[in-house]
Amino acid sequence: MKNNVILRCFMILVLMFSINANAQKGEKMLGVKGGYATFNNSGYSAIVFQYSFAEHFRISPQASYIFSHNNISGFEFSVDMHFPFRVTKGIKLYPLAGVTFNNWIWQHPKTTQNRFGLNVGGGADFYITNNLKISAQAKYSWLKNTDGGFFDIGIGYMF
């Protein structure tokens with residue numbers, strides 16, 4: 001079963017690289033996001049930076065604060081690799097994979113859990129102008145006892 005999933009992911013990546021996209025090598029983006037975290041059923045906000053190494057490869061570090069709900073809040077730091085491909089003019093889709101560090105804080109009793117894990121997911125970029133884009137993203141973070149989904153929308157300035 002695992003080999004079948006890995007083979008399918010590899011085939012999808014090969015297909016994506018054969019589709020033309022117009023990301024510029026060296027393109028940078030700085031933006032903000034807001035969304036929903038499933039672990040504590042709460043909202044979160046994030047600051048994100050992206051750097052395109054090549055047409056279909058970019059790195060995306062992100063720092064997030066997860067708002068308190070049910071006496072649980074947290075911080076999330078992740079570094080994901082995006083593999084964007086152009087669907088049509090002004091729209092790109094991308095799968096993502098990366099690593100994450102989460103720090104969850106319980107208020108009663110006051111305890112914390114620090115966890116490292118893996119991210120997998122995907123998203124879409126909608127280019128509004130040459131320097132402005134809106135994004136929507138969903139990813140799942142696998143962490144010991146604290147895994148969950150992150151769903152967000154954001155806006156970024158490209159330079």
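**View 1. Contacts across the sequence in the protein chain.** Take the contacts (heavy atoms within 4.5 Å) with a separation of 6 or more: 50% of them in the protein chain are between residues 24 or more positions apart. This is a predicted model, where local features need pLDDT of at least 70 and side-chain atom pairs count only at pLDDT 80 or more, while totals for chains, interfaces and linings use all residues. Residues are numbered from 1 along each chain as its sequence is written, and side-chain values use heavy atoms, leaving out hydrogens and water.

**View 2. The elements, end to end.** Read from the N terminus, the order is α-β-β-β-β-β-β-β-β-β. Of the 159 residues, 38% are buried, where buried means under 20% relative accessible area, exposed over 50%, and partly exposed in between (1.4 Å probe, protein chains only). The accessible surface comes to about 8,800 Å², and carbon and sulfur atoms hold 68% of that. Such areas come from the Shrake-Rupley method with a 1.4 Å probe, and for residues only the protein chains shown count as cover.

**View 3. Rings that pair up.** Rings of Phe, Tyr and Trp (its six-membered ring) pair if their centres lie within 6.5 Å; planes under 30 degrees apart are stacked, over 60 edge-to-face, and the rest tilted. That gives eleven aromatic pairs. In one of them, Y51 and F53 have ring centres 5.1 Å apart and planes at 80°, so this pair is edge-to-face. Y51 is partly exposed at 26% relative accessibility, and F53 is partly exposed too, at 43%. Elsewhere, ring pairs tie F39, W104 and W106 into a cluster.

**View 4. R58 over the ring of Y94.** Here R58 sits over the face of Y94, 4.8 Å from the ring centre. The rule for a charge over a ring asks for NZ of Lys or CZ of Arg within 6 Å of the ring centre and within 35 degrees of the ring normal.

View 5. Look for N119 in strand β7, residues 111–127. One joins the side chains of N119 and D80 at 3.0 Å; another links the side chains of N119 and S141 at 2.5 Å. Beyond its neighbours within four places in sequence, N119 touches residues including E76, S78, L96, G98, T100 and Y140.

Notes. Helices (H or I, at least four residues) and strands (E, at least two) are DSSP runs, numbered from the N terminus. A polar contact is a pair of N or O atoms within 3.5 Å; within protein, one must be able to donate a hydrogen and the other to accept it, and residues adjacent in sequence count only if both atoms are side-chain atoms.
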